[in-house]
Amino acid sequence: MVVRLLLTACLLVPIHGAAQSYAPAGWADGLRLNELDDTNPDPKVVEVELVAKLADVEVAPGKRVRAWTYNGGLPGPLIKTRLGDRLIVHFKNELKEPTTVHWHGVRVPIEMDGVPDISQPPVNEDGSFTYGFVVRDAGLYWYHPHVMAAAQVGFGLYGPLLVEDPNDGVGVDDQLTLVLSDIGFNARGELEPADSGGSAGMVFGREGDYVLVNGRHRPVLKARSGAPQRWRIVNAAKSRFFYLDLDGQEFTVIGVDGGIQEKPVTTDILLITAGERVDVIVTPKGKPAAPLPLRAMLYNRGYGSVEYRSVEDVLTIEFTNEPSINAKPVTVSRALEMPSTAGATPVEMVLTLPPMQNNKSEFRINGLPFWKAKPFLSKLGEKQIWTVKNDSDWDHPFHLHGFFFHVLDEKGEPVRPLALKDTVNVPMKSTVRLLVHFDERPGEWMIHCRILDHAEGGLMGTVLVGDGKATTHTHKTKHD
Ligand SMILES: [Cu+2]
């Protein structure tokens, strides 16, 4: 009897404690993402089909572009899994060009990392490849090609992968996944060429004219004033940074690339460089007569990235006339282990952009572009401290495949609150230090600037995790 009473009581308690939905009906219809059907009956396996193909997509009323897409939509469909699930993706390429799928931020086995010639052969026209791996870290990740990535991502090939942890303790029911990007096309709906502006275009990092949220230009989101919303945001643009302002209203950052961080931090302006993710709580406040814009402010990531631009509206929040909510602040935390730097091997990486030669610019790591460089080396189980020194006049969001790292402060201590990162901005003329532990999964893992034009302009490398012995091979090809 007691047992039965307890069970009944449990059923009455909402799963997230006091959490409750306040969102008005249809609040996020303007931001809806396509979701993939899981064809596998096993609750611990998510099995989906993904097809790269051309499709006409409408990004704003009357504004259509013939984009490169996954499953015909922009962005690609949301793949939703739970922590610990096995994800199986049957991928087919219906494009004329070879491609692959890379799972940005996910700790995959090397054979699933999607880098042509290094971890898998490229998938040619009408070819297919099955990706399969267990998702071991909750958070928002994303998938995109690693063949001619600046072109293919810029043309529309990217999509979100959400790994949910039902026990993350966040307790905010109204949740959105926001894929920020941009795309450039002309009045005939033809894509801006990937080589526009030549070498200067590469150095600037090409940005599309249309800023998109979940594939829509300036969508509308409906909200009840004062009600908390959880936004998991990925910057999937090939070059653009998003520096977001909600008319000065606060963002509470609860997580970054690799999921929930040690403690929340609040900010009134939110920088998300290319490839990064943030998990934020926003509590928009306002009146029905005064919609609240989410704006992309100007951020100088190098000469020319600010001077000719203006502030952009990213989306607009419209308020209902229901009474305002007085919500309690979110206090989620995560007990991340304090990493030790003891015994870590120092590795230096200097990023440069030498003066043009033969009308061509080339980014370099330690004096060499990708196609002339040899891999960096790590023994399996080794810890390394990477000192990444940016000697160029451009910011570089530095991305490592397959592993998370901790950013270190000037004293060499892990930055607090502790957070798992796979992409970190190295601002122009500055140095960032990271601690990375190559504790498992031997293989050759990419490092590169996440401004994909920079990556293809030379700013890439690899780290060979294995026996720590030098190899003579260079990367040779210009693939990324
Ligand atoms: Cu860069």
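Q: What makes two strands count as a pair?

A: Two strands pair if DSSP finds at least two bridges between them. In this predicted model, strand β24, residues 396-400, is joined to β26 by 4 bridges, and the two run antiparallel.

Q: Which residue of β26 stands opposite F398?

A: That's V424.

Q: How do I read the metal site? Which residues are the protein donors of the copper ion?

A: Look for donor atoms around the metal. Here they're H396 through ND1, C449 through SG and H454 through ND1, at 2.0 to 2.1 Å from the copper ion. Along the sequence, the spacing of these donor residues is H-x52-C-x4-H.

Q: Are C449 and H454 buried or exposed?

A: Both are buried, with buried meaning under 20% relative accessible area.

Q: What about the nonpolar core: which residues touch the most other members?

A: In the largest core, which has 85 residues, they are L87, W103, F133, I183, W386 and L400. Strand β1 (residues 45-60) gives the most to this core, with 6 residues. Another core, of 32 residues, lies apart from it and includes F242 and L270.

Q: What is I183 in contact with, leaving aside its neighbours within four places in sequence?

A: Its contacts include V65, L74, F155, L191 and Y210.

Methods. Residues numbered from 1 in each chain as written. Predicted model: local features only at pLDDT ≥ 70, side-chain atom pairs only at ≥ 80, totals over all residues. Heavy atoms only, no water. Donors = N, O, S within 2.8 Å, 3.2 Å for Na, K, Ca; no water. Buried < 20%, exposed > 50% of the residue type's maximum accessible area, 1.4 Å probe, protein only. Core = buried A, V, L, I, M, F, W, Y, C linked by side-chain atoms within 4.5 Å. Contact = heavy atoms within 4.5 Å.
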